[in-house]
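Thanks for coming. I will walk through one structure this morning, from single residues out to the whole chain and back again.

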Amino acid sequence: MKIAFTAPMKPLDDPTPSGDRTMGRLIVKALELGRHNVRTATRFRAWRKDGGDAALLSVKSAALQEAERVGDAWDQEGYRPDIFLTYHLYHKAPDWIGPALADRFGVPYAVIEASRARKRRTGPWAVGFQGADDALARANGIAALHDWDRDRLLPFFEETETDPAQRLRTVLPFLDLSVFAKPHSTRPIPQPLIKLLAVGMMREGDKTASYEVLAAALRQLSDLPWHLTIIGDGPNRNAILDQFPKDRITWLGALPPEQVIAEYPKHDLFVWPAIRESFGFVLLEAQASGLGVVAGDALGVPEIVANGSTGLLAPEGDAPAFSERLRELLTDPERIRAFGEAARARMFAMHSLDAGARRLDAFLNCALDHYKRSSDRSGDL
């Protein structure tokens, strides 16, 4: 299948690393694994930090001009995709290009990961909200990365009086597990000092809040043997590190992805409160490396971490509860090992690149079927 692709939130070659960029690249990689021919239609970035009608209408105008430019180039080349696929749109990053090109070339349009905050229907983001809603209305298939996001989209179908079962699906996130070595033997029971690991950037907002919850939880566990390694850096570094006892942490700073992956197996348990995390790539990576997890029960995290099987979840932002979950495991090293082995097995079964390729293929075929049915109905009128 020939797939024209765009990512209005952040182009896949953006120099700034992020989970969003990583997921976009993995989607393309999985599609290519499934023998699809993926072409980046445009690098146009619709995302804006600040709203306002004038600013967003200017973005819309530029986006439609870009759609015309791309369409003209396709006409000259004789290129026509089988489907147009957009990754990640919302009121700050609407997609005006994909629907325009899908209409121009008479092909299906599909979206992976769409967020919808109805409070943005009015106010400075109204133009962007409407642009994202218009794209959802045009889409023949919409895929959420987890059920929490999927459920946030259900009001759109209620408002438009359409059936979500026809177009809305969940496509769980996945990783390229080839970089995570499979163990040759069973991991030893961790003892006597439990080696904990946390990975997260040290910026304002949810990341700092997660570190604050983790520090508060660990302060209640000074009677138990543990040592925490922290990977990450940012403007709040000093304020964050000051909250942890210096003799019980090792700070490694920000590391390149391959070095982060090398650090996971050196530890026993991954700990991350995950405040407002959509799902958290670090939670996927830790489990793929054979680590059990203690995390916050936020958004899509429960679909990534199987509570009681691959880790333990605490109510989001609840430091005492997080501390209790940690105490359960710090006093039961055998359970830590069992969680890690179950986590690795679950990752290879449910979150591999192959599994992602199969789910994406099924999603795109459903979008094609919906487009065909819609076209058939239009032809009957």
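I will start with a term: buried means under 20% relative accessible area, exposed means over 50%, and partly exposed lies in between, with a 1.4 Å probe and protein chains only. A word on where this comes from: the model is predicted, so local features need pLDDT of at least 70 and side-chain atom pairs count only at pLDDT 80 or more, while totals for chains, interfaces and linings use all residues. Residues are numbered from 1 along each chain as its sequence is written, and side-chain values use heavy atoms, with hydrogens and water left out.

Take Asn140 to begin with. Is Asn140 buried or exposed? Asn140 has a relative accessible area of 4%, so it is buried. Asn140 sits in the loop between helix H4 (126–138) and strand S5 (141–144). Helices here are DSSP runs of H or I with at least four residues, strands are runs of E with at least two, and both are numbered from the N terminus. The side chain of Asn140 makes a polar contact of 3.1 Å with the side chain of Arg138. A polar contact is a pair of N or O atoms within 3.5 Å; within protein, one must be able to donate a hydrogen and the other to accept it, and residues adjacent in sequence count only if both atoms are side-chain atoms. With neighbours within four places in sequence left aside, Asn140 is in contact with Pro108, Tyr109, Gln166, Arg167, Ala367, His370 and Tyr371.

Now the whole chain. The protein has 13 helices and twelve strands. For 381 residues, a compact globule would have a radius of gyration near 21 Å, and the protein, at 22 Å, agrees with that. That radius is taken over C-alpha atoms, and the globule rule is 2.2 Å times the number of residues to the power 0.38. Along the principal axes, the C-alpha atoms fill a box of roughly 70 × 45 × 35 Å. Of the 381 residues, 53% count as buried. Among contacts between residues at least 6 apart in sequence, 73% join residues at least 24 apart.

Thr6 is in strand S1 (residues 2–6), and its relative accessible area is 2%, so Thr6 is buried. A polar atom of the Thr6 side chain lies 3.3 Å from the backbone oxygen of Thr42. Beyond residues up to four places away in sequence, Thr6 touches Thr42, Phe84, Leu85, Thr86, Tyr87 and Asp95.

How many cavities of 30 Å³ or more does a search of the whole structure find? The search finds two. A cavity, on a 1 Å grid over the protein atoms alone, is a set of points where a 1.4 Å probe fits but cannot get out, and lining residues have an atom within 4 Å of a point. The largest cavity holds about 50 Å³, and its lining includes Thr6, Phe44, Asp95 and Trp96.

On to helix H9. Eight of its eight residues are buried: Phe281, Val282, Leu283, Leu284, Glu285, Ala286, Gln287 and Ala288. These pack against helix H1 (19–33), strand S7 (194–199), S10, S11, H10 and helix H12 (333–350). Just after H9, Gly290 takes a positive phi of about 90 degrees.

Two residues other than glycine also have positive phi. Arg276, with phi near 55 degrees, is in the loop between strand S10 (269–272) and helix H9 (281–288). At 41% relative accessibility, Arg276 counts as partly exposed. Leu299, with phi of about 45 degrees, is in the loop between strand S11 (292–297) and helix H10 (301–304). Leu299 counts as buried, at 15% relative accessibility.

Last, Gly200. Gly200 lies in the loop between S7 and helix H6 (206–219), and it is buried, with a relative accessible area of 7%. Leaving out neighbours within four places in sequence, Gly200 is in contact with Tyr211, Ile231, Gly232, Asp233 and Trp272. From Gly200 to Ala73 is 127 residues in sequence and 42 Å in space, C-alpha to C-alpha.

How values were computed. Contact means heavy atoms within 4.5 Å. On a 1 Å grid over the protein atoms alone, a cavity is a set of points where a 1.4 Å probe fits but cannot get out, and a pocket is an open set with protein on both sides within 12 Å along at least five of seven lines; lining residues have an atom within 4 Å of a point. Grid points are joined across faces, edges and corners, and a volume is the space filled by probe spheres set on the points.
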